[in-house]
Amino acid sequence: MPTLTIDNQTITVPEGTNVLEAARQLGIEVPHFCHHEALGSVGACRLCAVEFLEGPVKGIQMSCMVLAKDDMVIDTGSDGVLAYRAQVIEWLMTNHPHDCPVCDEGGECQLQDMTVAGGHGVRRYTGPKRTYQNQDLGPFIAHEMNRCIQCYRCVRTYQEYCGGKDFGVMGTRQRLYFGRFSDGPLESPFSGNLVDVCPTGVLTDKTYRYKSRIWDLQEAPSICPHCSLGCAVIPGARYQELQRRRARTNRRTNGHFICDRGRFGYGYVNHPDRPRAPLLGHRRVTWQEALAALQNHLHEFCELYGSGSISMLSSSRASLETQFLTKRWANALGSGQLCFEAHPRRDQAARVAASQAPDCSASMEDIRSCDMAVLVGADPLAEAPMLALALRQAARRGARIVVVDPRPVELPIDCERHAAAPEELPRILQGLTRPQQNAFASASEEFGGALGRALLEAKNPVLIGGSDLLGPQGCQMLLKAAEACSPTGSTCRSMLLLAGPNSFGGAMLSDDGPGFDALLEGMEQGRIKSLVCIEADPVADYPDRKRCRAALARLDLLVVFDCAATATVQEADLFFPTTALEEAAGTLVNNEGRMQAFEKVFSAGTPLLQSAAGDHPPRFFSRDIPGSHPQPAWTTLARLLGRDAELEKVRRELEKIDPRFDGLAGLTADSEGCRVVAPRQAPALVAAPASGVTASDQLHLLVTEHLYGSELLSDLSPCLQAVKSDPYVWLHPQDVARLKLVEGKPVRLCTSLGEWTLELRINGDISPGVAVVPRLRGTVVETLVPGSEPMLCRIEKA
Amino acid sequence: MNDVLLTIILIVLKLGLVLGTVLTMAAYMVLAERKILGRMQMRYGPNRVGWGGMLQPLADLIKLLSKEDLIPEGADRWIFMLAPAISTATALLAFAVIPFGPSVQLFGRTVPLVICDLDIGVLYLFALSSLAVYGVALGGWASQSKYSLLGGLRAMAQMISYELAMGLAIAPVVMASRSFSLTAVVEAQQTLPNMVRHPLAFLIFLVAVMAESKRIPFDMPEAENELVAGYHTEYSGMRFGMFFVGEYLNLIVLGSMLTVLFLGGWYGPLLPGVCWFLIKVLGVAFFFIWVRGTLPRLRYDQLMAFGWKVLVPLGLLNLLITAAWMIWRG
Amino acid sequence: MGLWKDIKGTFLPFWVTLRYLFRRPVTVCYPERKQPPAPRYRGRLVLTRDPDGEERCVACYLCSAACPVDCISMQAAEREDGRRYAAWFRINFSRCIFCGLCTEACPTLALQTTAEYELATRELLQVVCEKDELLIDGCGKNTEYNFYRLAGIGVVAPRGGNPGETPPEDIRTNMP
Ligand code: SF4
Ligand code: SF4
Ligand code: SF4
Ligand code: SF4
Ligand code: FES
């Protein structure tokens, strides 16, 4: 632990800290371009010079390249250093174009800041400037190479940190070029991070091109709602339009980066079809009328059929406050017919996940620093993209990554892959729960046992499971396995990927409540007369869409609160518009049980771009903002419960009623969040039905998530439409040969739920006997929902 | 019967006359000030409404009356509404005891040209000028604004400090005329105005009066470049108007006080008494305006130091000397 | 001596103001007599065009950031040829204090002040000016500056084709 003196302040830092970081810990920001906390130092920009007065090194040196040592005395602002930095800035600027006014980085440009800080105002170099051609890097990233200062941050991010292969540096001398070998979209699903790391305007957000300046944006710390990891983001909005998202730093979860789904999935907030007014039938009404209608109806049902005729459904998209008040409201009405997930199997899996002991669950930070990770039935890029990046960091440190999955799981690293048929997974997990055992009943169990022994030998092992593929039983087994595989003196941490950003919170609150299956039965039997969906979309999320539709059709009243035009909204008798995540404050509990608060970024309203059709704002005075009807669901619920809509109060109440949420009231949005303190009870599970024997022409149909197009909200984002794929089915070459099919040709997929024509793709990494179909909303296969029991299907030539 | 009626008629007549004159004067004082200041700064001053701007006061009145009357959120409503009235009323009430001419013969009786010749007129004037602080301080305090509050506090401190000096300056005059009645004070100056007899007292009184009127160079309570507008920052419309008129009424009151106590009241050659009185008051007013056009504002600490360290000791000294002189003269 | 100076300093000004009381005012009576404003007078703002006749404004938001009273608003957009321009641009002259800070901030010399100052009206919306009312046909005070020819990115000329630029580098060669 060296102790050194920087600018007359003394600090002790851990061994291996460089001087730049040490200064930062003292609150002294040494100007720099190429150093980045997540990327490390390369000493390319020469800006971070400081003067070493005493100690092992002397003179002007790069602070990012010198490790802190005892007895160093450092001056970060001596005359020599300032003159040196001014010089560096001046030569970095010799080739820089004169185009700040048309550059989207302006206002958040490090080069601009450093140039001003360095006092460089007038260009002395009179020679010609070097220029480059730009490239088309796809729908997300705009490229303007003339602005580059060769700091190498982009390459280090893209290739080293994110594992992308198609973007790099070319050229010699002072003709370095940062780009692809030829034009084309960037392939990495983390390409958006280039926008954040590039200190100049070379790589900027194309979806935000020329929209605003940072000083005009309304920004606030927020959470990404597009998967269960809950990465920290900063959305920016202007003129009632959410215009971009960028990564926020949370060392426990995402670190410094986010995935492209999170970054470019913001468009759902501005969607032109978003319903923004309360509807009674299909007639627009005022809030008062709608609320009165709701209260009258519910009152009537209570009188006529008893409170058991009212049921409620919330979802993993709803904030913890909304879920909690939904529960309070159901209690107040006297109805126990309440659940928090329309997909029964996902519901159960989330309840299992919420029963893991908080100190055994793995955070993304734990995964980045693990030395062995086993993924069973988890496809990070599809189900929780940033997990793939975390695994890559572990692998870069030498961790062993093992993927056991029937699907062709792609990761931005080399890893061990074991294609296991879906029915093998339970057996492998079985083996994992008994690593010490000598004799195993099957080869799969044997394999599981071997993995378990490897985990036992590791220092910081992690076991990761996907709840969709494993199901509740599998999840429970995985938790048991993690317990069994804990090495002495350490724990094997576990992580389960869940369906949505607040699945965990819903599972905590649902106790032993019924699942949506039970509610549906009630509706079919006519016991339940009304359903209130709070930010839930049962039509699209329940695995059997026909059954769900039929049951909903029997209802006397279907009430929907939502912020998107979902399939359920179309059927609603009474509709209340709610705010999107960015338009209100709240809390989400991510898949490791971390409660994270988010702040309100801006007030709901029709984006000016839409209301004025691209022209100037209307020329009249008015107090109303068009389209500002949406209200946070929890405030409406508070009103229905007859209380003040104060977030603080709701949080405090929840904390008081349920001590597992201790710390909720003190949570701030820019903190690292805190874990729920105790697990919920493990749910009682019914044994899974044994999967039937496959006839020779039948295959197991696996419906899975896809990086783009599966998640409801990001799929509504126009920016992601360009990268959404057409529906297809993946088969193993063996099966293709057996069934005499041709790759790339359309085939017919026949199941008990229906028949579809899809494109056939072949993949050798897939487990034979399995057909994998990604869920793609808004396409022919949108009724196929992942997370269900594997189905049998037939595939024939179309 | 007839007598009572006559008395009432006379009183009403005097009241009407004084009120009308004084209010009109106050209104035109505003115009005069703006005009004179304008010319001193080589501008025209108001010259659009009426001939050469003569109807400007009327226009201002209409403007003030038709403006929205704002009451700030969080203000103490009643006090806020009352304060301007206090400040105008105290100024108006002061005229009750000011003798503006010698007694005249009317309907066969001697009518003194003063509304009410109180025996303790001087004390009454003092009491009212002390009350005037009340309006300002309350207004500043009730506005729920830091500028107003600071203005009000400054006004209070300043007026209380200078009242002391003012009292000390009047004492010799009262001693010399051996009466608290203002008429008696004037009559005592038939031959020689007190200004000559008590020059030091006159100077102290002049400065104190200027401070009391809260005008440049003593306009600390409303110092616009520090406090926006001081105690009346939050006022608008006619309520502001009342403060405004109150200030100019005060100017006339103080001018009258100066005239009565030091300038020999209505005494003067040739012209009738009332005219002399008016001329003297207007002269004092012009002097005040002239001072405003010439001197810059003092600093707050200078103001307080001057009051307490110079004026009060000087006043005491003057009082001692006068007393000694009177004892020596018997 | 100091006291004497103070006394003189206090009383001499009275003589000065008294003398000034009888001088002719230097101001003029406005609507009857109008004085031509100085060339650099800061009156109503206009958006100018560059020597090629194109809009100079690139909607960089700098003027709106510089404006102390927030009276400029706009939305940037991109033309097919890559030129950045203002889809709409609004100045609310009922708020403008004619400080000219926006014109100082403008990097393209698009926004310029004019000598027009008679803007008073009872109809507030009349002084909320949109781009078509602000844009003039001409260069204003500077007839030469053309941002896109000096910016170093290719919009009005092919990349590397503007003065002071070398042609684009060939990234596929390692030859010097
Ligand atoms: S493109 Fe950006 S990040 Fe990459 S080297 Fe250039 S300036 Fe640095
Ligand atoms: S990994 Fe999930 S939470 Fe993180 S940015 Fe991507 S979609 Fe959002
Ligand atoms: S002149 Fe000043 S107030 Fe007017 S628009 Fe420009 S910056 Fe704003
Ligand atoms: S500063 Fe100039 S170029 Fe930029 S938006 Fe304003 S007028 Fe247009
Ligand atoms: S940050 Fe140290 S050289 Fe760039």
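**Close-up 1. Surroundings of L294(A) in a predicted model**. Setting aside neighbours within four places in sequence, L294(A) is in contact (heavy atoms within 4.5 Å) with W329(A), V559(A), F561(A), L574(A), F576(A) and L640(A). In this predicted model, local features need pLDDT of at least 70 and side-chain atom pairs count only at pLDDT 80 or more, whereas totals for chains, interfaces and linings use all residues. Residues are numbered from 1 along each chain as its sequence is written, chains are lettered from A and ligands numbered from 1 in the order in which they are written, and side-chain values use heavy atoms, with hydrogens and water left out.

**Close-up 2. The largest nonpolar core**. A nonpolar core is a set of buried Ala, Val, Leu, Ile, Met, Phe, Trp, Tyr and Cys residues joined through side-chain atoms within 4.5 Å, where buried means under 20% relative accessible area, exposed over 50% and partly exposed in between (1.4 Å probe, protein chains only). The largest such core has 81 residues, of which L294(A), V376(A), L432(A), L463(A), F576(A) and F661(A) touch the most other members. Helix α15 (residues 467–484) of chain A gives the most to this core, contributing eight residues; helices (H or I, at least four residues) and strands (E, at least two) are DSSP runs, numbered from the N terminus. Another core, of 71 residues, lies apart from it and includes L128(B), L249(B), L254(B) and M257(B).

**Close-up 3. A salt bridge between chains A and C**. E144(A) and R159(C) form a salt bridge (a side-chain nitrogen of Lys or Arg within 4 Å of a carboxyl oxygen of Asp or Glu), and their closest N and O atoms are 2.6 Å apart. The pair crosses between chains, from the loop between β7 (141–143) and α4 (153–161) of chain A to the loop between α5 (147–150) and β6 (165–168) of chain C. E144(A) is buried at 9% relative accessible area, and R159(C) is buried at 15%.

Close-up 4. R244(A) forms a salt bridge with E219(A), the closest N and O atoms being 3.4 Å apart. R244(A) is buried, with a relative accessible area of 5%, whereas E219(A) is partly exposed at 29%. Both belong to a network of salt bridges that also links E108(A) and R246(A).
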